[in-house]
Amino acid sequence: MEIKAIQEKFKSLFGTKGSLFTSPGRINLIGEHTDYNGGFVLPGAIDKAMYCEIKPNGTDKVRAFALDLEEYAEFGLKEEDLPAKSWAKYIYGVCREMIKRGASVEGFDTVFAGDVPLGAGMSSSAALESCFGYAINSIFKLWFDRLELAKIGQATEHNYVGVNCGIMDQFASCFGKEGSLIRLDCRSLEYQYVPFNPQGYRLVLVNTCVAHELASSAYNKRRQSCENVVAAIKKHHPEVELLRDANIAYLKEVANEVNAEDYIRAEFVIEEIQRLLDIPADLEKGDYEAVGKKMYETHIGLSRKYEVSCEELDFLNDIARDCDVTGSRVMGGGFGGCTINLVKDELYDGFIKRATESYEQKFKIKPKVYDVVIKDGAIKL
Ligand code: GLA
């Protein structure tokens, strides 16, 4: 669908044909706000993605058309050329980060579109960065490997979008593998693929369809809290570089040196990193009930300690609990977007019916439901 529309638009705008690339959004089974603290995450790429057609145009300008928004932007590639449109900043940022790493990126024409819902916690922005990272790397025959492309996407967020995100989203978008989750150690960047086919269960996202404002500044504030606590702990334990290196005992030692808010944020992160240590064994045994229990614990921590949930997400989480859903929690950065739910096959229909009907009744918004399908990462089509 997207691809045909992209090709038609590309032909009509630029009178030629380019190459096609795609990169997906992601889910994350568990391990939230742990990536920038050097902890573990368990994401997987999904069957919702960004797609672009692209071709060098022999100039020093990028000409880009965002098909879903019907918007056009044209921009140069120097540091002073930052485009005004927010979507164009992602493409420009990827180019700039490549140039900063010594690559010679020239002008190109592109049309792009996608079906990763925006603001739903499924990483539409990482999908866009990875799609263009992979595409530009390929059309200009650059040397970046997938890890460097993920880092380029992350640096784009930091330097041109203003979100001090971790590496999880871009990593999943670049390294995704059909049928597998990725157990990523965000400190060493070592990873293993964990086949994920929970017999008798389904993984489903319920989208609140709300995205509360200022999510990016609230996100940066959470990260700052973690760094404040690390700085305090480091005075006593110089080896601590990230919350991954700390533990609850270390945290308690600095209780009087950090503010109460930073303390409780760090407590969540340390607990979440700990929860992730047991997950591989649970998955190996096929003990999805244990996994689900941890998902609920994560939700409570994200809601009460890290405070990145919202009324709508808490409401859906309560319904999941009432319906005996095995595991449920807010997914991604928070402040809206989706809950991720691990549901027994036989409970699925009842849960979805109850969740969608009661959510709509309470909030006057129709929630969206997506069955999770785990797919490959960035590719040339
Ligand atoms: C966003 C960020 C990620 C990660 C999650 C929370 O998706 O982009 O790096 O921090 O939030 O786990």
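User: Which residue stands opposite K61 in β5?
Analyst: K61 has G76 opposite it in β5. This is a predicted model, where local features need pLDDT of at least 70, side-chain atom pairs count only at pLDDT 80 or more, and totals for chains, interfaces and linings use all residues. Numbering starts from 1 along each chain as its sequence is written, and side-chain values use heavy atoms, leaving out hydrogens and water.

User: How many bridges join β4 to β5?
Analyst: Six, between β4 (residues 61–66) and β5 (residues 71–76), and the strands run antiparallel. Strands here are DSSP runs of E with at least two residues, helices are H or I runs of at least four, numbered from the N terminus, and two strands pair if DSSP finds at least two bridges between them.

User: What about E70 in that hairpin?
Analyst: E70 takes a positive phi near 55°, and the hairpin has four residues between the strands.

User: Switching to helices: at what angle do α8 and α9 cross?
Analyst: Roughly 170°, with the axes of α8 (residues 260–285) and α9 (residues 288–305) coming within 10 Å. Axes are lines fitted to C-alpha atoms, for helices over the stretch in contact, and angles run from 0 to 180 degrees between N-to-C directions. That makes α8 roughly antiparallel to α9, a label for angles over 145 degrees.

User: Which residues make the contact?
Analyst: Among them are F268 and R275 of α8, and V291 and K294 of α9; contact means heavy atoms within 4.5 Å.

Technical notes:
Angles under 35 degrees count as roughly parallel, over 145 as roughly antiparallel, 65 to 115 as roughly perpendicular and the rest as oblique.
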